[in-house]
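Welcome, and please have your viewer ready. We will go from one selection to the next and say what is there at each stop.

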Amino acid sequence: MTSLPSVLGALDPTSDRAVFRQIADQLREAIDRGRFKEGEKLPSEAELVEHYGVSRMTVRNSFSILTGEGLVHAEHGKGVFVRPRPPVRRLASDRFARRHREQGKSAFIVEADAAGSHPQVDSLEVKEEKASQDISTRLGSVRRVLARRRRYLLDGRPVEFATSFLPLDIARGTQIAEPNPGPGGIYARLEELGHHLDHFEEEIRARMPSPAEVKTLRLAAGVPVIHLVRTAYDTEGRPVEVCDTVMAADAYVLSYQLPAT
């Protein structure tokens with residue numbers, strides 16, 4: 001490791017900013033500048049105590065700030081490490097392209113292939129249920145839906161979980177109601193049923209996760225989630241699916257192409 005004086009500066013005794021925040025600022029800057037790489041171990045508590053001439057509690061408070069920001073994570077008995085950057089780039093303009101369905105690939109598999117990761121799907125539940133008011137409105141005032149719940153993993157790490165809601169008059173008794181809907185996923189099955197997809201509408205917001213979401217996605221402290229609700233429309237203008245997705249924000253970069261006119 002590079003010597004600390006060349007990576008981290010000295011404290012400013014004239015500053016009204018608390019010492020532990022000054023230390024956090026310097027560590028954050030070093031991470032942002034790439035002086036500490038992704039997955040690299042930060043200096044130990046003992047090293048920072050010696051470098052800054054502060055107590056262990058002061059250093060721990062600095063680490064707590066960076067942990068809360070999602071920049072680092074602690075491994076018991078090993079130290080504090082820089083968290084990896086998002087491995088998956090989600091291309092909004094390409095992920096639902098028909099050519100992927102024709103190749104038998106779902107959007108998640110396409111993204112996993114691009115990231116060089118191994119995709120998995122688990123925690124699958126498929127059942128008929130009463131539609132919530134929001135889902136009913138989005139699907140054109142339907143009363144009951146087929147709900148498909150699943151969790152997605154990359155290289156064994158949970159990165160998102162999603163629930164698709166489909167009108168029963170479309171999905172009941174079809175392969176969409178099976179645990180494995182077949183190559184290309186449910187969108188390929190919808191098109192085989194005559195519901196050729198025309199466009200998608202997405203609503204996206206960032207928020208802090210609920211305790212259940214932290215557990216399901218195994219989120220580190222301070223990591224937010226991306227909450228995305230997508231509605232798929234066929235060429236007749238009918239909404240044929242609503243997908244409610246919660247994604248680990250440290251696993252994705254959302255990429256869009258926007259027209260200039």
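In what order do the six strands of the open sheet lie? This is a predicted model, and in it the order reads E4-E5-E6-E9-E8-E7, with antiparallel pairing.

**Stop 1: the sheet edges.** Select residues 119-130, strand E4, and residues 197-207, strand E7. Both stand at the edges and have a single partner strand each, so one side of each is left without a neighbour in the sheet. Look along the sheet now: from one strand to the next, the twist averages 15°.

**Stop 2: inside the sheet.** Next, select 157-167 for strand E6 and 239-248 for strand E9. These two run antiparallel and are joined by six bridges. To see a bridge pair, pick Glu-160 and its partner in E9, Met-247.

**Stop 3: Arg-207.** Go back to strand E7, where you will find Arg-207. Show its side chain together with that of Glu-213: a polar contact of 2.8 Å joins them. Leaving aside residues up to four places away in sequence, Arg-207 touches Glu-213, Pro-224, Val-225, His-227 and Val-246.

Stop 4: Finally, turn to the second largest pocket, with a volume of about 170 Å³. Select its lining: Lys-41, Leu-42, Pro-43, Ser-44, Glu-45, Arg-60, Phe-63, Ala-74, Lys-78, Gly-79 and Val-80. Helix H4 (56-68) and strand E2 (79-82) are the elements that give two or more residues to this lining. Colour the lining by residue class and you get five nonpolar, two polar and four charged residues.

How values were computed. Residues numbered from 1 in each chain as written. Predicted model: local features only at pLDDT ≥ 70, side-chain atom pairs only at ≥ 80, totals over all residues. Heavy atoms only, no water. Pairing = 2+ DSSP bridges. Helix = DSSP H or I, 4+ residues; strand = E, 2+ residues; numbered from the N terminus. Axes fitted to C-alpha atoms, helices over the stretch in contact; angles between N-to-C directions. Polar contact = N/O pair within 3.5 Å; in protein donor to acceptor, adjacent residues only side chain to side chain. Contact = heavy atoms within 4.5 Å. 1 Å grid on protein atoms, 1.4 Å probe; cavity = no way out; pocket = protein on both sides within 12 Å on 5 of 7 lines; lining within 4 Å. Points joined across faces, edges and corners; volume = space filled by probe spheres on them. Nonpolar A, V, L, I, M, F, W, Y, C, P; charged D, E, K, R; others polar.
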